Amino acid sequence: MNVDSVRFQHLLGIEGLSREDLIFLLENSQQFVEVSQRDLKKVPALRGKTIINLFLEPSTRTRASFEIAGKRLSADTINISGSGTSVSKGETLLDTARTLQAMNPDILVVRHRSSGAAHFLSQELTRTAVVNAGDGMHEHPTQALLDCLTLCQHFELAPSELKGKNITIVGDIRHSRVARSNIWAHQLLGNKVTLVGPATLVPHEFADEEAFGGGVRICHTLREGVEGADVVMVLRIQLERQSDNFIPTLEEYTRQYCVTPQVLEGAAPGCVVLHPGPANRGIEISSTLYEGTQSLVEKQVTNGVAVRMATLFLLGSRGRKENV
Amino acid sequence: MSDQEHHIPDFWKEVVDAETIERCLTRISYEIVEKDRDLQKLALVGIRTGGEFIAQRIHQKIQEIENREVPFGVIDITLYRDDLSDSLEQPTLKGTDLPFSLSGHRIVLVDDVLYTGRTVRAALDAIIDFGRPALVELAVLADRGHRELPIRPDYVGKNLPTHKDDFVRVRLREGGYTDGIYLIQAHDAKKG
């Protein structure tokens, strides 16, 4: 099976992908898991290709993950962050990106605080494939892919069989690109998504037809929200947004929404927990749960490399755009 | 699998039939066994996707002849190809599965059709990334010539004289067909 080459010129979000695209990406990602388990963790697939990781927001795991993925594919990867670069001198995103494109990279991986930044660059840059590594509150597609891949492995299902599961996402949904990408992904796969959190952080619009086709359920009580859940995905409470008054106090949030082993007693048998990291232990998730047997967080990080290898490989292994 | 997939187009000319394929594979199996009586180090590796089933059959025959287990694996050479950037198709990985250490083994690499030699070149690179075999040999069901690299098979089922623009296709019962090797001549290939 070969996918139409035009389909993956960029990876900007899960929204807009077809179910076949998503399954194709997950199936390919699964094959890359093996490369990272070898003694010699390197394949020549992207030899001679250049990948620029432009991370204009703090990031440890995503940036390390993209860099390792690029290196394991033999691409030359360079990392650019906000501080200590011309971005901190006031250069606009577009000027920075155009300058970088003038050096002929093959792939530009972008993280930016503004929603739509990756889309914008994909339209402005004519010769470079763009990967969205997180844009504002919009999307973080490789995170959703690695979450889905982790679930496929855990439940021992092929990507096309990961359906009918109850997925509960708990926390600051409003500001979460991880939640948005995951909602799109699980809707394509055919899983049922429940969003849990205080009304300020889980706007009722998420359940609207215009948002995600009306297929999302909202619940403001944690125990009710996790009832029968096969998967509970806990999101980080963004402490840096605390001044915005979305929650009264952290203590109150923790009292009502901290996910603990006790809370999960009402979940489906064999329920597993995901967290995109970094976690605030004792705030949105208890340490016991985070490190316990139900937690798949380490698997998520491992799979992150495989997903990013698959993404970079698909975008970087084709001829340049003008040849297509 | 639908009947459609089992259908061989009329313009595909059968050049090797099922019985001959079976005999070729039996002969190759005996040749592999006879070449080196110290079979303790022997292991078979099929190249995905064409070589996988051929390798499985040879593997089975050798195990029957020798009445013991022989290590077996398959490699996906997609990540080692030298034409990735030229291809307009999005490459799909089927995965590598080598459940044993290659180091010190006598590896017989197996493919269905040997043509330019580029696939074998990629497979050799892949093999070497997994360890240091004592020896690597090459077995192919059909050799159609037109090598572009200095690569030569150690075991050949059939030598097929072809024109460079022709296509050679192997169809096997594992794929839902009757075993056969088909030649599609360049002027017929345009038909589909």
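A residue counts as buried if 20 or more other C-beta atoms lie within 10 Å of its own, exposed if 12 or fewer, and partly exposed in between, with C-beta atoms placed from the backbone. Helices (H or I, at least four residues) and strands (E, at least two) are DSSP runs, numbered from the N terminus. This is a predicted model, in which local features need pLDDT of at least 70 and side-chain atom pairs count only at pLDDT 80 or more, while totals for chains, interfaces and linings use all residues. Residues are numbered from 1 along each chain as its sequence is written, and chains are lettered from A and ligands numbered from 1 in the order in which they are written.

I begin with chain A. Strand β8 (residues 231–234) of chain A is covered on both faces: Val231(A) and Met233(A) are buried on one side, Val232(A) and Val234(A) on the other. Two strands are said to pair if DSSP finds at least two bridges between them. Strand β5 (residues 166–170) of chain A runs parallel to β8(A), joined by four bridges, and Ile169(A) stands opposite Met233(A). Strand β9 (residues 272–274) of chain A also pairs with β8(A) in the parallel sense, over three bridges; there, Leu274(A) is the bridge partner of Met233(A).

Next, helix α11 (residues 297–316) of chain A, which contains Ala306(A). Is Ala306(A) buried or exposed? Ala306(A) is buried, because 27 other C-beta atoms lie within 10 Å. Contact here requires C-beta atoms, placed from the backbone, within 7 Å. Beyond the neighbours within four places in sequence, Ala306(A) has contacts that include Ser29(A), Phe32(A) and Leu149(A).

I turn to chain B. Its open sheet of three strands has the order β1-β8-β7, with antiparallel pairing. Why is one side of β1 (13–16) and of β7 (167–171) of chain B left without a neighbour in the sheet? These strands stand at the edges, each with a single partner strand, and therefore each has one such side. Five bridges link β7(B) to strand β8 (residues 180–184) of chain B, with Phe167(B) partnered by Ile184(B).

Definitions and conventions:
Two residues are in contact if their C-beta atoms, placed from the backbone, lie within 7 Å.
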